[in-house]
Amino acid sequence: MTDLRRTAVRGFSWTGLAQGSGYLIQVGALGLVVRHLSEPSRAFGTEVAAATLVGVGILASEMGLGRALIQKRDAYEAHLAAAFWMGLAISCTLAALLYLTARFWGGLFFDDPQVSAVLPAMAWVLVFAGIGTVPRAQLERNFRFGQLAILDVCAAVSSGITMVSLALCGFEVWSLVWAFVVRHAVLGLGPWIFCPFNPVRSFKAVDARVLVGFGGKWTGSRLVGYVQQNLDYLLIGRFLGIEALGYYGLAYRLIAFPQTRVVQAVAKVTFPAFSALQDDVVRLGRAYLSTVKYIAILVFPIMAGFFLLAHPGLVLLFEPEMAPAAVVLQLLSPAGALRSVASPAGLVFSALGRTGLALIWNIAGAVFMLAALWFGISGGITGTALAVSLGVLVLTVGSQGIVNRLARISFGEYLRALYPGAVGSVLMTGVVAGYKWLVTGVLPDTTLVASCVVAGALAYPLALRFFSAGTAAEALRLAGLIRR
C-alpha cells in the first residue's frame, strides 16, 4: 500500500469517526429538542430556510481560497496572507449586507417574517467562515485530520448542548438558530489552535490573483451546484409553506449523514490526494474508482436502512406529529445514495483544474433540476422528493460521462466499482424486509427497529463476502490499517 493511500485511509478514519459521532450527537439532540418545541415543523422549516440562504453567503465569502491553497502545490506565506485578508474582508462585507437586508431576502424567497427575524443572528456565521478558511485549509493540505476530527466533534457537542439547553428554557426556534451559529463559531475559530500563522505579512497583487483565478471559478461552480441541490428547499418554502419545509427538511437532515457527512469526510481526504495525482491521470482514475467503491459500500446500506425503517423509526425518534416526514425520507433515500457516489466527480474537476467545466455542468444541471422540480412540486412534498430522486439519477449519469473522459475510465469500470455495495445492499434489503414483515405487530416498535438493524448488520457483510470476496478482503485490510 502506498504512503499516499495509507495517509488517505488514516485521514478518512479520523474524519469519518468525527462525522459519524457528530451526526449521532445532532440527531440525538434533535430528538430531545422536538419534544420541547410548540410547533416543531415550523421551527425546523424556519431554521432550514435561513440556513439555506446563509449557505450561499458561506460559499461566496470563502471565494474558494481554501481550495486554491490546497490545490496549489507551492503555496507560500504571501499566499496565506493574501487568502486570509481577502477572505476576511469578503466575509465581513457579506455578513453586514445580510444583516441589513435580512427582511428583503427572507421575503423574496420564503415570504415568512420569522425567517427574516433569525437571519441577522445567523449572519455571524459568515464572519466565522472567513476567519477559519486559511488555517483549516492548511490542516487539510497537510493531512492533519486527527486535529480536524477533534474540532468537528467539539463543534457537534457544543451545538447539541446549546440546542438542548435553549429549547429546555423555552427559546423555541432560537435554540436551533444559536446552535447553528455556535457550531460554525467552533469550526471557524478552532483551527487557529492547531495551525496558527502570522497574517500580518505583505503580499503582492499577483499572489492574490493566482488564488482568485482558481478560487473564483471554483466558487462559481459550487454556488451553482449549491443552488441546484437546494432548489427543492426554495420551492417548497415559497409555494408549500414553512411547515411543509419543516417536514421535508427533517427527512433531508436524516439522510445528510451519508450524503454530506460521509462525503465531507471523503472530500477532505481525497481532494489533497487527488491534487497530488493531478499529473498522473491513470493513477487518479484508479483512486477515483476506489473512492466511489468504498463510498457505495458505506452509503448504500445506510440508505436502504432509511427506506426500510422510516416507518416506524422516524415516529419513535421525533414523535407522531412529525410522521409526514417518513414518506419523504423513503423517497429521498435513492437521491442520498446517488449524490453520495456522484460527489467525487467534483473533486476530479477541481484537482485537474477544470473548474470552468464544472461551472458549465452545474449550470446545466441547475436548469434541468428546476424543470424537474417544477413538475414535482404540484404533488406536494412527496412529489418533490420523487422528482429530486429521478433528477439526481439523470444528473449522476451525465456527470459520470464527463469524469470518464477526464480520468480515462469507462462506465463498465464505474459500474464494477458500485457492484459490491449495490448487490450487498439489495440482498440486505430483502432479508430485513422479510424479517420486518414477519415480526410487525408481534414485537414493540422499538424492539422491531433495533432487531432489524441487527439483522441488516449481519446480512450485509455476509452478502459482501459471498458476492465480492476480493472487496471484502480488501475492506478487512483497510479496517486493520485504520485500527492500527
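This is a predicted model: local features need pLDDT of at least 70, side-chain atom pairs count only at pLDDT 80 or more; totals for chains, interfaces and linings use all residues.
A residue counts as buried when its relative accessible area is under 20%, as exposed when over 50%, and as partly exposed in between, with a 1.4 Å probe and protein chains only. Residues are numbered from 1 along each chain as its sequence is written, and side-chain values use heavy atoms, with hydrogens and water left out.

**Exercise 1.** State what share of the protein is buried, and which helix has the lowest confidence.

*Solution.* Of the 484 residues in the protein, 56% are buried. The mean pLDDT is 83, with 82% of residues at 70 or more. The protein has 21 helices and zero strands, helices being DSSP runs of H or I with at least four residues and strands runs of E with at least two, numbered from the N terminus. Confidence is lowest in helix α21 (residues 469–483), at a mean of 64, and highest in helix α9 (residues 173–189), at 94.

**Exercise 2.** Describe how helices α15 and α16 are oriented, and which residues make their contact.

*Solution.* The axes, lines fitted to C-alpha atoms over the stretch in contact, with angles from 0 to 180 degrees between N-to-C directions, come within 5 Å for α15 (residues 325–342) and α16 (residues 344–351), and cross at roughly 20 degrees. The two helices are therefore roughly parallel to each other, a term for angles under 35 degrees. Their contact (heavy atoms within 4.5 Å) involves Ser340, Val341 and Ala342 of α15 with Pro344, Ala345 and Gly346 of α16.

Conventions. pLDDT is the predictor's confidence in each residue, from 0 to 100. Angles under 35 degrees count as roughly parallel, over 145 as roughly antiparallel, 65 to 115 as roughly perpendicular and the rest as oblique.
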